[in-house]
Amino acid sequence: MFNIILFGPPGSGKGTQSTKLIGKYGLKHLSTGDLLRSEIAQQTPLGLEAKNFIDKGQLVPDEVVIGMISTALETNPDVPGFLFDGFPRTATQAEALDKLLQLKKTSIAVMLALDVSEEELVTRLLKRGESSGRSDDTNESVIRSRIEEYETKTRAVADYYNQFSKVVHLKGEGSIDEIFNSICEEIDKRK
Ligand code: B4P
């Protein structure tokens with residue numbers, strides 16, 4: 001199995017690049033953002049709980065997202081590998097993921113971190129908010145809260161994987177294809 005994490009602040013292009021990467025490498029895409037939005041759309045108890053956090057620009061509690069990922073790993077036993085997008089977002093989630101992957105006798109090959117300036121992130125997310133209908137993209141103060149959550153809680157995930165020399169930083173500004181090519185170069189070195 002070949003597993004990668006696509007990492008970066010909100011709006012850094014994780015979702016955009018993931019769509020292209022699964023097409024090329026056949027990995028199973030696990031986006032906690034997409035899974036949570038699907039729970040919200042179906043108005044499940046989990047979705048109703050998650051919505052309260054997402055609408056404020058806050059992270060959803062660790063136990064909720066770890067449970068969702070655990071189920072997704074169990075229900076996809078025969079895939080060539082996973083592409084984790086937007087997960088893990090806290091050090092607790094990173095430790096839980098390592099344990100879950102150990103049970104499957106596999107691990108993370110590399111964490112690819114997209115670096116983008118804060119002003120560019122805000123511009124991209126407000127632009128997406130014009131058409132996406134996403135409650136967390138339309139209000140600048142909610143977007144700033146999401147970036148703050150990233151700075152205070154999510155950056156620690158890079159420190160966690162740095163201990164194992166698994167982090168590669170890539171420029172997340174430029175054309176979508178330029179960024180895609182630089183991600184593929186890093187994956188191809190390791191496959
Ligand atoms: P996510 O769904 O993960 O959303 P994101 O971080 O906003 O998006 P991403 O980085 O994928 O941006 P995209 O490619 O779409 O999370 C949403 C919320 O869910 C979180 O705030 C949190 O509340 C909750 N959540 C999710 N996972 C969680 C977890 N593990 N733990 C706790 N809570 C969790 O790109 C954004 C925009 O930029 C798009 O419009 C795109 O077209 C544009 N763009 C992309 N690349 C570009 C480029 N190169 N140039 C110009 N524009 C570009």
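Is lysine 14 buried or exposed? Select this residue first in the model, which is a predicted one. Lysine 14 counts as buried because 24 C-beta neighbours lie inside 10 Å, and the cut-off for a buried residue is 20 or more.

**Stop 1: lysine 14 and the annotated positions**

Keep lysine 14 selected and display helix H1, residues 14–25, in which this lysine is found. Next, show the residues that lysine 14 touches, leaving out those up to four places away in sequence: Leu6, Gly8, Asp85, Gly86 and Leu114. The UniProt annotation "binding site", from an unreviewed entry, includes Lys14. The positions that this annotation covers are Gly11, Ser12, Gly13, Lys14, Gly15, Thr16, Arg128 and Gly174.

From that list, select arginine 128, which is found in helix H6. Arginine 128 counts as partly exposed because it has 16 C-beta neighbours inside 10 Å.

**Stop 2: the sheet**

Now colour the strands. An open sheet is formed by 5 strands, in the order S2-S3-S1-S4-S5, and the pairing is parallel. At the edges are strand S2 (28–31) and strand S5 (167–171), each of which pairs on one side only. On average, neighbouring strands of this sheet are turned by 20 degrees against each other, direction ignored.

Return to H1 and view it together with the sheet. H1 lies across strand S1 (3–7), S2, S3 and S4, and runs at about 170 degrees to S3.

**Stop 3**

Select S1. How many of the residues of S1 are buried? The strand is mostly covered, with 5 of its 5 residues buried. In a regular strand, side chains alternate between the two faces of the sheet. In S1, Asn3, Ile5 and Phe7 point one way, while Ile4 and Leu6 point the other way.

S1 and S4 pair in the parallel sense over 5 bridges, and S1 is joined to S3, also in parallel, by 3 bridges.

Leave aspartate 85 displayed and move to S2. The parallel strands S2 and S3 are joined by 4 bridges. Here aspartate 85 of S3 is the bridge partner of serine 31. Aspartate 85 is also one of the residues that lysine 14 touches.

**Stop 4: the nonpolar core**

In soluble globular proteins, nonpolar side chains tend to be buried together. The largest nonpolar core of this model has 32 residues. To view part of this core, select Leu6, Phe7, Ile69, Leu83, Phe84 and Leu112, the residues with the most contacts inside it. Then focus on phenylalanine 84, which is in contact with Ile5, Leu6 and Leu30 when neighbours within four places in sequence are left aside.

**Stop 5: valine 110**

Select valine 110 in strand S4. This residue is partly exposed, because 19 other C-beta atoms lie within 10 Å. The C-alpha atoms of valine 110 and valine 168 are separated by 7.4 Å, although the two residues are 58 residues apart along the chain. Apart from residues up to four places away in sequence, valine 110 touches Ile4, Lys166, Val168, Glu186 and Arg190.

**Stop 6: backbone details**

Display the backbone and select phenylalanine 87 and proline 88. The peptide bond between them is cis, with omega near -5 degrees. Proline 88 is found in the loop between strand S3 (82–85) and helix H5 (91–103).

Which residues other than glycine have a positive phi? One of them is glutamine 43, with phi near 55 degrees, in the loop between helix H2 (32–41) and helix H3 (45–54). Glutamine 43 is exposed, because there are 9 other C-beta atoms within 10 Å. Another is lysine 105, with a phi of about 55 degrees, in the loop between H5 and strand S4 (108–115). Lysine 105 counts as exposed because it has 7 C-beta neighbours inside 10 Å.

**Stop 7: helix H6**

Finish with helix H6, residues 118–132. At 1.5 Å a residue, its 15 residues should span 21 Å, and its end C-alpha atoms are 20 Å apart, which agrees. Just after H6, select glycine 133, which takes a positive phi of about 75 degrees.

Key. Residues are numbered from 1 along each chain as its sequence is written. This is a predicted model: local features need pLDDT of at least 70, side-chain atom pairs count only at pLDDT 80 or more; totals for chains, interfaces and linings use all residues. Helices (H or I, at least four residues) and strands (E, at least two) are DSSP runs, numbered from the N terminus. A residue is buried if 20 or more other C-beta atoms lie within 10 Å of its own, exposed if 12 or fewer, and partly exposed in between; C-beta atoms are placed from the backbone. The expected span of a helix is 1.5 Å times one less than its number of residues. UniProt positions are given in the numbering used here, feature names are shortened, and annotations may be inferred rather than shown by experiment. Two residues are in contact if their C-beta atoms, placed from the backbone, lie within 7 Å. Two strands pair if DSSP finds at least two bridges between them. Axes are lines fitted to C-alpha atoms, for helices over the stretch in contact, and angles run from 0 to 180 degrees between N-to-C directions. A nonpolar core is a set of buried Ala, Val, Leu, Ile, Met, Phe, Trp, Tyr and Cys residues joined through C-beta atoms within 7 Å.
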